[in-house]
Amino acid sequence: MIQITRSLARHIRAVIKKALPRQVAQPVLKFRAGDTGLFVEVQGSNQALQFYDPRPQDPEILFVPLNVLEDVQGPKEEPVLLNSRRAGVIGACWQDKGVFQELEYDSLEPAADAPPFPVLPAQFAENSADLLVALREAYETTDLESKRYALGSIQIRGKDGVIAATDGRQLLKQSGFTFGFSEELLLAHTKLFDCKDLPQDQPIRIGKTEDKVAFQVGPWTCWVGVATEGRFPDVDRSIPGTQYSKATLKLAPTDAKYFVDNLHRLPTGETHRELTLDLNGKVILRASSLSTPRPAEMFLRNSSKQGDDIQICTDRRFLARAASMGFPEIHFPNTTAPAVATDANRTYVWMLLDPKEALKPSEDCLRLESPFSTHTAPRPRPATSLRKSTDSVPAEGSSAAHPAEHSPRVTRMTARAIPESAPKPMPTAVDQAVAVRNQLRTSLGSLNELIRTMKSERRSRKSLKRAMESIRQMPNVA
């Protein structure tokens with residue numbers, strides 16, 4: 001008999017459902033208990049998972065369908081007993097709100113030709129919990145639909161401790177890790193590292209077997225398959241150099257948060273992606289759509305620009321991602337080359353849109369303003385295992401691609417929104433009240449425009465209805 005708890009059943013089920021692809025409709029879990037503790041093992045097409053509880057139990061091996069955990073799971077530490085009833089049948093009993101529950105299930109053993117469960121690596125290298133964040137961000141930069149390149153995989157380079165990923169439109173390169181091996185590998189796609197049920201603040205150990213890379217975090221060990229086929233772009237040769245950038249955006253942390261939180265307030269264009277970034281002494285984001293008669297602007301009051309004035313058109317999703325990841329600097333070599341966001345440990349690159357689509361300033365723009373903050377200088381990231389390196393979007397034939405000898409130089413953050421020689425005074429209560437009033441006026445203006453648009457559409461519908469009625473009456477008149 002094997003004993004778990006309802007909360008543990010919920011935890012194991014959540015991790016497995018996140019990690020294994022949807023086509024695995026009914027994974028079979030192997031529960032293996034004994035003096036060394038409890039092991040729960042499951043395999044997918046390109047990965048394997050193992051949960052370990054060191055508390056000893058009676059020797060038992062059970063093959064449990066995942067739907068058993070769906071039935072017995074719960075929020076509390078109430079015990080669940082699993083046992084073999086007879087050949088091919090297992091039983092589960094537990095209490096739900098004081099009511100005794102007992103069910104039987106078919107024990108579905110793995111197929112005879114199923115591969116053996118992977119073994120642990122001979123050695124592990126330990127990294128901080130930042131590696132979990134890096135893996136999550138890397139897999140979010142992949143493209144499973146790509147056929148020409150292996151863009152559904154991520155690249156890990158043991159020699160220089162680099163994790164790189166790209167989907168052909170954006171690229172993320174992170175470095176400063178210790179892998180314990182020197183090979184350059186492509187790891188198959190997995191959603192495991194996006195699972196919030198994994199421990200988020202514990203060190204991660206990594207090791208390599210013959211055909212898999214194993215990750216250990218808390219009680220979980222995950223083996224991810226190594227892709228042996230497919231090409232991966234040379235990310236080190238694709239990035240435009242930042243030392244000759246036309247302009248650099250110094251993005252304040254408060255403005256980055258305001259932008260991400262309020263991006264939905266800006267109208268969307270035909271593809272719901274276009275966003276104009278206007279660096280003209282101020283940092284202004286501008287957008288419009290066919291359904292709104294007036295464009296809207298977002299003024300980031302605490303950020304600044306270094307270099308020449310520039311106006312670019314970008315995919316709002318990529319700019320918002322750079323802001324949400326906390327990049328303090330975004331370099332723009334020109335209006336067409338990829339944008340390059342950098343910090344001490346990471347490089348994030350994305351392709352810009354056609355500069356002809358950038359919106360010009362308009363006097364009747366609706367205005368959003370980020371709240372004034374006295375702490376405008378970007379806060380340096382702590383020294384962790386994430387050391388951002390330079391990288392670029394692998395666009396073959398792109399005029400923005402530079403050879404390796406022109407790799408970008410990461411500059412130290414020295415810019416401030418306001419010179420030290422002329423500090424801006426602290427806002428008074430009156431200043432804050434005026435700022436709130438301006439924001440309310442902006443919101444009221446947007447609301448009035450929406451009401452006018454709705455009224456205009458209603459009048460159009462009424463006119464169309466009357467015209468249709470007149471057309472239907474024409475035969476009667478004839």
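**Helices, sheet and cores of the predicted model**

Just after helix 5, G326 adopts a positive phi of about 85 degrees. The structure described here is a predicted model. Helix 5 itself covers residues 316–324. Of its 9 residues, 7 are buried, so the helix is largely enclosed by the rest of the structure. The buried positions are R316, F318, L319, A320, R321, A322 and A323.

Helix 1 runs over residues 6–19. Its 14 residues, at 1.5 Å a residue, should span 20 Å. The C-alpha atoms at its ends are 20 Å apart, which agrees with that expectation. Buried residues in helix 1 are R6, S7, L8, A9, H11, I12, V15, I16 and A19. In general, an α-helix has 3.6 residues a turn, so residues three or four places apart point the same way.

Strand 7 comprises residues 89–96. Strand 7 pairs with strand 8 in the antiparallel sense, over 8 bridges. Within this pairing, C93 stands opposite E102 in strand 8. C93 is buried, with a relative accessible area of 15%. C195 is also buried, at a relative accessible area of 3%. With a cut-off of 2.5 Å between cysteine sulfur atoms, the count of disulfides comes to 0.

The largest nonpolar core has 58 residues. I4, F31 and I163 have the most contacts inside this core. Neighbours within four places in sequence aside, F31 is in contact with I2, I4, L38, F39, V40, E60, I61, L62, V64, L69 and L82. Another core, of 36 residues, lies apart from the largest one. Among its members are L285, A323, I330 and F332.

Terms used: Residues are numbered from 1 along each chain as its sequence is written. This is a predicted model: local features need pLDDT of at least 70, side-chain atom pairs count only at pLDDT 80 or more; totals for chains, interfaces and linings use all residues. Side-chain values use heavy atoms; hydrogens and water are left out. Buried means under 20% relative accessible area, exposed over 50%, partly exposed in between (1.4 Å probe, protein chains only). A nonpolar core is a set of buried Ala, Val, Leu, Ile, Met, Phe, Trp, Tyr and Cys residues joined through side-chain atoms within 4.5 Å. Contact means heavy atoms within 4.5 Å. Helices (H or I, at least four residues) and strands (E, at least two) are DSSP runs, numbered from the N terminus. The expected span of a helix is 1.5 Å times one less than its number of residues. Two strands pair if DSSP finds at least two bridges between them.
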